[in-house]
Amino acid sequence: MSESFFGIIGEYGNNLMVYDTESIILKHQIQAGHVLRSFEFNKNATEVILVTDDLKIKFFSLAKFEGVYLRELATVHRGSINSVDLSLN
């Protein structure tokens, strides 16, 4: 059975706290470096995608407590990016 998570954006908006759905224990805390606008877990709950106010989409692995920065997409939109959603494929 795979883990199930939920996330809460921190008090100042620049970090994501990821909790286990069943135990409500903090599993990961990811520092985004900028204010978060949105986030989405991948279907296996092994990665999280963050949308920040600096027009970047950042990918983090949930392999460690702090998350592991994988990559980012910058300047994908000239206006603001407000949310993220993943397709099933």
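View 1. From the N terminus on, the elements of the chain follow the pattern β-β-β-β-β-β-β. The structure is a predicted model, in which local features need pLDDT of at least 70, side-chain atom pairs count only at pLDDT 80 or more, and totals for chains, interfaces and linings use all residues. Residues are numbered from 1 along each chain as its sequence is written, and side-chain values use heavy atoms, with hydrogens and water left out. The chain holds seven strands and zero helices; strands (E, at least two residues) and helices (H or I, at least four) are DSSP runs, numbered from the N terminus.

View 2. Four strands make up an open sheet with antiparallel pairing, in the order 4-5-6-7. Strand 4 (36-41) and strand 7 (68-74) are the edge strands, each pairing on one side only. On average, neighbouring strands of this sheet are turned by 20° against each other, direction ignored. The angles lie between axes fitted as lines to C-alpha atoms, taken between N-to-C directions on a scale from 0 to 180 degrees. Two strands count as paired if DSSP finds at least two bridges between them.

**View 3. The pairing of strands 6 and 7.** Strand 6 (residues 56-61) and strand 7 run antiparallel and are joined by six bridges. Ile 57 stands opposite Leu 73 in strand 7.

**View 4. Burial and surface of the chain.** Of the chain's 89 residues, 36% count as buried, that is, under 20% relative accessible area (1.4 Å probe, protein chains only). The chain exposes about 5700 Å², of which carbon and sulfur atoms supply 52%; accessible areas come from the Shrake-Rupley method with a 1.4 Å probe.

Terms used. Buried means under 20% relative accessible area, exposed over 50%, partly exposed in between (1.4 Å probe, protein chains only).
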